[in-house]
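This report describes one protein chain for a reader who meets the structure for the first time. The sequence and the model are shown below.

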Amino acid sequence: MQDAPDPSPAAPPPGPLRVLHRIEDTLIALLLVALIVLAATQIVARLVFNAGWPWLDPLSRVLVVWTALLGALAAVRDDRHISLDIASFLLRGPLRRVARAATLLLAAGISGALAWYGWRLVQLDRESGSMIFGNVPAWQAELALPLVFGLMSLRFLLRALVARPVERT
């Protein structure tokens, strides 16, 4: 018989981390509200005035990317990210912990690689001077890639290295 995952939330983090988590959650919420307001404004402008702002659609796409990536970062923070870890269902005790650590280390490596290549993209677009809309350089919008994937890699790495108690079977 397999153990069901513990549905209870983790203990609240200590003070500075709690503040950081609230800032992350608030930023995600603000970006989501901004997306809704901007989309509604564009729809009303097009329907009522038969005109819109040409920069609003590219800005909305950038906000969607930032919101999605920050949401993924929060999911990693709360250990609610997508995971295909069959070993956790097949293994028990110390072997399960080793398999989980290996999976998290792999996720840290992949996230780190994505951060690296995201940084390379930012550098290329900074050198090329390409603009995403108006006078906004593309590299500024792309900063989400190295920033968020770098933080994800760090979170996966820390989670892999911090031992969790082995559940009794």
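Arginine 126 lies over the face of tryptophan 139, at 4.6 Å from the ring centre; a charge counts as over a ring if NZ of Lys or CZ of Arg is within 6 Å of the ring centre and within 35 degrees of the ring normal. The structure holds 0 aromatic pairs, a pair being rings of Phe, Tyr and Trp (its six-membered ring) with centres within 6.5 Å.

The model is predicted: local features need pLDDT of at least 70 and side-chain atom pairs pLDDT 80 or more, while totals for chains, interfaces and linings use all residues. Residues are numbered from 1 along each chain as its sequence is written, and side-chain values use heavy atoms, without hydrogens and water.

The chain contains 6 helices and 2 strands, in the order α-α-α-α-β-β-α-α from the N terminus. Helices (H or I, at least four residues) and strands (E, at least two) are DSSP runs.

| Item | Value |
|---|---|
| Helix α2 (residues 56-77), first to last C-alpha | 31 Å |

Of the 169 residues, 32% count as buried, meaning under 20% relative accessible area with a 1.4 Å probe and protein chains only, whereas exposed means over 50% and partly exposed lies in between. Valine 44, in helix α1 (residues 15-49), is partly exposed because its relative accessible area is 45%.

Key: The expected span of a helix is 1.5 Å times one less than its number of residues. Rings of Phe, Tyr and Trp (its six-membered ring) pair if their centres lie within 6.5 Å; planes under 30 degrees apart count as stacked, over 60 as edge-to-face and the rest as tilted.
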